[in-house]
Amino acid sequence: MELSRQQQRLWEVECLVRGSALLHTGIALRLDGMLDEKRLSHAVTAVFRRHELLDTGFHADGETLTLGPATHHEPRVLHRPDLYADRAGHLAEIRRSAAAAHAEVFPLAGEPLARAQLTLLGDGGGVLLLTFHRLVMDLFSLHQVVTDLQEAYRLGPDEPLPPADRYSALLAAREHRRSADWEFWRTELSGFPTPWIGERRPEPGWLPDGAELRVPLDSALSALLQANARAARCTPTVYVTAAAARRVLERSGATDLVLGTMSANRMNSDAVGPLAQAVLVRVGPSAPHGDQGVLAQVRRGLREGMAHQGVEFEEIVDLLTDGMGVARDDLAPLSVSVTADSWQSSVAGLTFTLFDLDDDRGDGEADGEAEGEAEGTAGPVVRPSQLDLEFNLSGTRPQLVLTYDRRCFGTPWCERFAADLLADLATGRG
């Protein structure tokens, strides 16, 4: 195998941050029920071998990365009979040890960039930590791995999983349609006027000042969104994206907007790899098909964007910045994601539940630990003129997370924007 275009860019980043876990991703799963350790170990091994990239060895020689066959081992098992996950202090210790294991760097000496650690707890349950390098995994692929793991555990060692789609085959299909996709994006994004949608411009010498606004959602909002989306004949993602785009256009006075929304493009694929990318959607009176209205533009834009992913997101950015003179920071100033998965299901008497390593609610932390960051503390660093909206509609803790840069958006602006958006969604004005 050869590195894909996206993997090549990820490898360039890895060369800069070697020795850190910046490009790690993964998930911790709480296991409740009558756990069969050998059965689970077999399931993990079977899932890793099922997917092409998880069965590939990565070897680094300086800044050269080569790919070849890999040998998998069963998950590392830790026995912690002294720990119980339902006790506050013990729960904090479990989180710390899992976070430390997640931060262990991959040596890149020919091994696969996927590993598992199973911690058996004193209450009979356990925590399964899966860690991957982003060279082989994106968040949508992570969902596929968890789904496969549940199925492999249910089937047991005597019934194999069916073969998965190959990552390299999907890349070849993308390459085949690249020329046609290039022409689509050149036409779709021509004449983009680079709007400024923030309330103030960056001042000289300022550094990125990322912040987060978290708004709890009414548990009934998820059902309401589903109903309103059905009435509008679209998905909740399309409905929320359109509502957010319309509010940005109104509040900023912009006549054109390029926004991004995550797409796995997995309707016909169960492949694993760094395949997911932001799909760009252009909306507004000045955009192509501007007379359709924002909802129709978003619906059309997502459909057409997913159909033209032979060109990857970063290449489109290069097209705009180098070929059209669009400032990189003005591209996709709004990004939207909508999730409704609780990450929980039960298989063969064993329950797989998402185990939050960064829980800041305070319930289950050891005495003396902070119960979350102080109000006003900077969150993740984001690019200038970017608003990132994540609607988490999970039944456990539904919330809207708005990530923004204080250089471009003041907190009052974002609070008003979030309140207006939620009012629109609650009243059916999507």
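Trainee: Why is Leu 108 called buried?

Mentor: Its relative accessible area is 4%, and buried means under 20%, with exposed over 50% and partly exposed in between (1.4 Å probe, protein chains only). So Leu 108 counts as buried. Mind that this is a predicted model, where local features need pLDDT of at least 70, side-chain atom pairs count only at pLDDT 80 or more, and totals for chains, interfaces and linings use all residues. Residues are numbered from 1 along each chain as its sequence is written, and side-chain values use heavy atoms, leaving out hydrogens and water.

Trainee: Where does Leu 108 lie, and what is its phi?

Mentor: Leu 108 lies in the loop between α3 (88-102) and β5 (109-111). Helices (H or I, at least four residues) and strands (E, at least two) are DSSP runs, numbered from the N terminus. Phi of Leu 108 is near 55°, a positive value in a residue other than glycine. Most residues other than glycine have a negative phi.

Trainee: And His 289, what makes that one buried, partly exposed or exposed?

Mentor: With a relative accessible area of 40%, His 289 is partly exposed. His 289 also has a positive phi, near 60°, and is found in the loop between β10 (277-283) and α9 (294-307).

Trainee: How do you know on which side of α5 the buried residues sit?

Mentor: The buried residues of α5 (167-176) are Tyr 167, Leu 171 and Arg 174. They cover an arc of only 55° around the axis, so they are on the same side of α5. That arc is taken from the directions from the helix axis to the C-beta atoms. Their cover includes α1 (5-16), α6 (178-188) and β10, with contact meaning heavy atoms within 4.5 Å.

Trainee: What makes something a pocket?

Mentor: On a 1 Å grid over the protein atoms alone, a pocket is an open set of points with protein on both sides within 12 Å along at least five of seven lines, and lining residues have an atom within 4 Å of a point. The second largest pocket has a volume of about 350 Å³, the volume being the space filled by probe spheres set on the points. Its lining has 21 residues, with His 73, Glu 74, Ala 114, Arg 115 and Ala 116 nearest its centre.

Trainee: Which element gives the most to that lining?

Mentor: β6, with 4 residues.

Conventions:
On a 1 Å grid over the protein atoms alone, a cavity is a set of points where a 1.4 Å probe fits but cannot get out, and a pocket is an open set with protein on both sides within 12 Å along at least five of seven lines; lining residues have an atom within 4 Å of a point.
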